[in-house]
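The sequence and structure come first, and the text follows.

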Amino acid sequence: MGTSKGKSTNSENIEKQKESTISFDFTDRTKGIKLESKNANVFYGDNHVIKDVNLQIREKTVTAFIGPSGCGKSTFLRMFNRMNDYIESFHMDGEILIDEKDIYDGEVRVEDLRKNVGMVFQKPNPFPKSIYENVIYGLKIQGIKDKKILDQTVEESLISAALWDEVKDQLNKSALALSGGQQQRLCIARALAVKPTVILMDEPASALDPIATSKIEELIHVLKKEYTIVIVTHNMQQAGRVSDKTAFFHIGELIEFENTKDVFINPRHELTERYITGRFG
Amino acid sequence: MNNADKNQLKDGLFKYFGIFASLIGLILLSIFIASIISDGLRRIDWQFLTSLPSRKSEKAGILTAWTGSLWIFALTALISIPLSIAAAIYLEEYSKKNRFSKLLEINITNLAGVPSVIYGILGLEIFVRTWKLGGSLLAGAFTLSLLIMPIIIVATREAITAVPSSIKEASFGMGATKWQTIWYQILPSSAGGIATGVILALSRAVGEAAPVIVIGALAYVPFVAQSPMDEFTVLPIQIFNWVSRPDPGFITNAAAGIIILLAITFLLNGIAVYLRYRWQRHVKW
Ligand SMILES: Nc1ncnc2c1ncn2[C@@H]1O[C@H](COP(=O)(O)OP(=O)(O)OP(=O)(O)O)[C@@H](O)[C@H]1O
Ligand SMILES: [Mg+2]
């Protein structure tokens, strides 16, 4: 698995290399394991895009997936809400567990899974409907019609997504009239409305300007108190700012999975170091 | 004259030919409409709209024809819209992309080009004889549905494909089922495009004479159809019948009938254009 760092002069470094690549958040063992991947392999046809990945993510933490384009970050992220199921050539082996339950087990309904595991996409994708309609969509498809519950959910979700103050007087306005950053926060509110426990974010700020980006980052900080968050990002500073742990992928392999500050200050693998310092071929 | 001049001349000539070619249709149509209006407009009155057919041109009315066309419009819409939209949804969202579905797709596209009289013969065999519907409104509506379903299916598929996949992903990502995604997201987002196709197709159905003649719609129907099993006539057949009479009074009746048929067609096309315009303005991704 990758080449280890060359300049291993100090003993601390050698100590580190002895540890397994599957590591735990030693700083906070009180948190349970929320997401787990056991020997996961993913293929698109003959293309082997995720190779034997093992990792454990604790609840109420933020984990960043980083790595060069095409290394499989999005594919791996989408394993946790089974969004790859729609790709005809997709197949996998191994196990993906949420709360210790294999989500690829035949008994799991994907619809129920996705109510528990919300997703925010790279490009804001609100429905071409009102702000209100967007937020209640998840409740609507569950058949919830009680106006009181809907109103309350809209308010709570928009407050949680730090959008309420900006839109509370125009809930019936089209979501498409909002700015990109507001649209993305609306998409977060929409995901929160069904009370998930996990939120997956695939480059949620890559289409936004710096101010909108920092709003999303602040939001992630707040949301992590209640949700387990996994975020794919190409922005190293962002990974450093928002995440507790960072997973570095390279051509389908999980090279390194450590506390974020360790990954950035003292990466174990040469590939990781080259990637985070921007010296990547 | 040097080469450059020659080319310029050719260019100029071609331009004028182009203008002429594009205007000729419009001019001929205008002349036709003007002469029809001058012949027929004065004939359109309450008596004309509410009278049954008659041997005497000044007593004859168009009641059975326009009510027949209305019946055909409604029944054809009822049959063709749900079936076509269901077929389009199946092809676009459910069918596995294999050779069979390819073949099906190509066939549906080609069906849109089959001459309408062929559909009449098909309708005669299936609906009139096998299903024993006779020359009824229902048989006519089924036949015309066959004729316009390919048009609606193609238009619906285009409208559905125009819905961005990011919207579908958002819906699935929220835990929606496929059917919920179709019902709450795909259909509302493509409704404008579907409606446009439906109306254009129905306006074609209302204007058709050949297939309904083949299945046995009559030129002379002395009563207003009361049920889908009644015999019927439609505007194009009534017009065709009047035009072929020697009495000049009937020619005037025919002109009046044409005005009514054209008015209906233009109205439907106008609605289609309006819907398309509104849809394009409102749906920006
Ligand atoms: N729908 C698909 N069908 C077939 N192959 C795919 C599909 N989506 C992705 N792949 C392939 O899987 C590999 C991993 O892609 P993935 O999108 O997961 O990478 P990524 O790390 O998210 O890249 P990026 O940073 O550019 O978003 C790539 O080689 C890609 O070509
Ligand atoms: Mg990606």
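Which side chain meets that of A:R82 in a salt bridge? The partner is A:D85, with an N to O distance of 2.8 Å, where a salt bridge is a side-chain nitrogen of Lys or Arg within 4 Å of a carboxyl oxygen of Asp or Glu. The model is predicted, so that local features need pLDDT of at least 70 and side-chain atom pairs count only at pLDDT 80 or more, whereas totals for chains, interfaces and linings use all residues. Residues are numbered from 1 along each chain as its sequence is written, chains are lettered from A and ligands numbered from 1 in the order in which they are written, and side-chain values use heavy atoms, with hydrogens and water left out.

Over all chains there are 19 salt bridges, including these pairs:

| Pair | N to O distance |
|---|---|
| A:R82 and A:D85 | 2.8 Å |
| A:K34 and A:D99 | 3.0 Å |
| A:D151 and A:K147 | 3.1 Å |

Helices (H or I, at least four residues) and strands (E, at least two) are DSSP runs, numbered from the N terminus. A:D151 and A:K147, by contrast, both lie in helix α5 (residues 147-160) of chain A, four residues apart, about one turn of the helix.

For accessibility, buried means under 20% relative accessible area, exposed over 50%, and partly exposed in between (1.4 Å probe, protein chains only). A:K34 is buried at 8%, while A:D99 is partly exposed at 44%. A:R82 is buried at 14%, and A:D85 is partly exposed at 31%.
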